[in-house]
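The sequence and structure are shown first.

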Amino acid sequence: MRKKIVAGNWKMNLTFQEADDLLGDLMDRLEEIDELDTEIIICPPFTYLEMATDCCEEYQMFEVGAQNLSAFDQGAYTGEISAAMLESMGVTYCIIGHSERRKYFEEDDKILKAKVDQALENGIIPIFCVGELLPERESEKHFEVVRRQVRHGLFHLDTNEFSKIIIAYEPVWAIGTGMNATPEQAGEMHAYIRKLIDERYGSEVAQATMILYGGSCNSKNVKDIFAQPGVDGGLIGGASLKADEFVSICIQASNI
Ligand code: PEP
């Protein structure tokens, strides 16, 4: 079984001091563990990325991801943060296509495709999020929706580029609601995404692609979700803000 990935998405939470305390608490807890076979990625807000990359360098226990990047290369785009800027400060991953960005910032397939390209051109690994809304699942359109998101956001890439991508399946109805997908629902969609990749890039690439599940994961439900074949770890929102919860998720991921 390959090493699972657990990525924490802090979203727009925590003051500077709270972020510092959380990182300190996480490091204390992680240092106590003898062996941990989980790849950990922490995705704080932009303002705390430097704090996180410093901590990453000092402890070597996790990698750092951003939650967003600009679809543009550089220049007169006030307020934007480019992929090159992130790369230059030691950030190695970036969440792209999170449902909150699709919803509140109207990021569509075209913008997300450009963001994926910016990330890859600058050595940043995209954690590309896909997932259906509740009415889409209820009307059994979930496979169709996810197929469109995967194809439009990623299938323009060549095999070498695609091989760098991490996908996160995050049913929108499960994000921040406490209503996680069942392990079977997660497993079924992960298998479907892998089938799409197989058809486009072949079975070797499909088998090697890391597909995470996200949506109300916590220390109580991850064991069953992560144990599903084809679930390679998780993208964790709310539970990543509590050191004990997040570390418990990382330990459980390591033991599967
Ligand atoms: C997320 O924001 O990516 C997420 C999965 O959130 P939560 O774990 O809080 O549902």
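The model is predicted: local features need pLDDT of at least 70 and side-chain atom pairs count only at pLDDT 80 or more, whereas totals for chains, interfaces and linings use all residues. Residues are numbered from 1 along each chain as its sequence is written, and side-chain values use heavy atoms, with hydrogens and water left out.

**Barrel and helices**

Eight strands, in the order 1-2-3-4-5-6-7-8, form a closed barrel with parallel pairing. From one strand to the next, the twist averages 25 degrees. Helices (H or I, at least four residues) and strands (E, at least two) are DSSP runs numbered from the N terminus, and two strands pair if DSSP finds at least two bridges between them. Strand 7 (residues 210–214) and strand 8 (residues 233–236) run parallel and are joined by 2 bridges; Y213 is placed opposite G234 of strand 8. Helix 9 packs on the sheet, where it touches strand 5, strand 6 and strand 7, and its direction makes about 150 degrees with that of strand 7. Helix 7 (residues 142–154) lies across strand 5 (125–130) and strand 6 (166–169), at about 155 degrees to strand 5. Such angles run from 0 to 180 degrees between N-to-C directions, the axes being lines fitted to C-alpha atoms, for helices over the stretch in contact. Contact means heavy atoms within 4.5 Å.

**Nonpolar cores**

A nonpolar core is a set of buried Ala, Val, Leu, Ile, Met, Phe, Trp, Tyr and Cys residues joined through side-chain atoms within 4.5 Å. Buried means under 20% relative accessible area (1.4 Å probe, protein chains only). The largest such core has 68 residues, and F62, F162, I193 and I197 have the most contacts inside it. Helix 9 (residues 183–201) gives the most to this core, with 7 residues. Apart from this core lies another, of 13 residues, including C43, Y93, I95 and L235.

In helix 2 (residues 49–59), the buried residues are L49, M51, A52, T53, C55 and C56. Their cover includes helix 1 (16–31), strand 3 (63–66) and helix 3 (83–88). Q60, which follows helix 2, has a positive phi, near 55 degrees.

**Ligand**

The ligand is surrounded by 14 residues (a heavy atom within 4 Å). The closest are K11, H98, E170, G176 and S216. Polar contacts (N or O pairs within 3.5 Å) are tabulated below.

| Protein atom | Ligand atom | Distance |
|---|---|---|
| E170, side-chain N or O | oxygen | 2.7 Å |
| S216, polar backbone atom | oxygen | 2.7 Å |
| G237, backbone N or O | oxygen | 2.8 Å |

Notes
Buried < 20%, exposed > 50% of the residue type's maximum accessible area, 1.4 Å probe, protein only. Polar contact = N/O pair within 3.5 Å; in protein donor to acceptor, adjacent residues only side chain to side chain.
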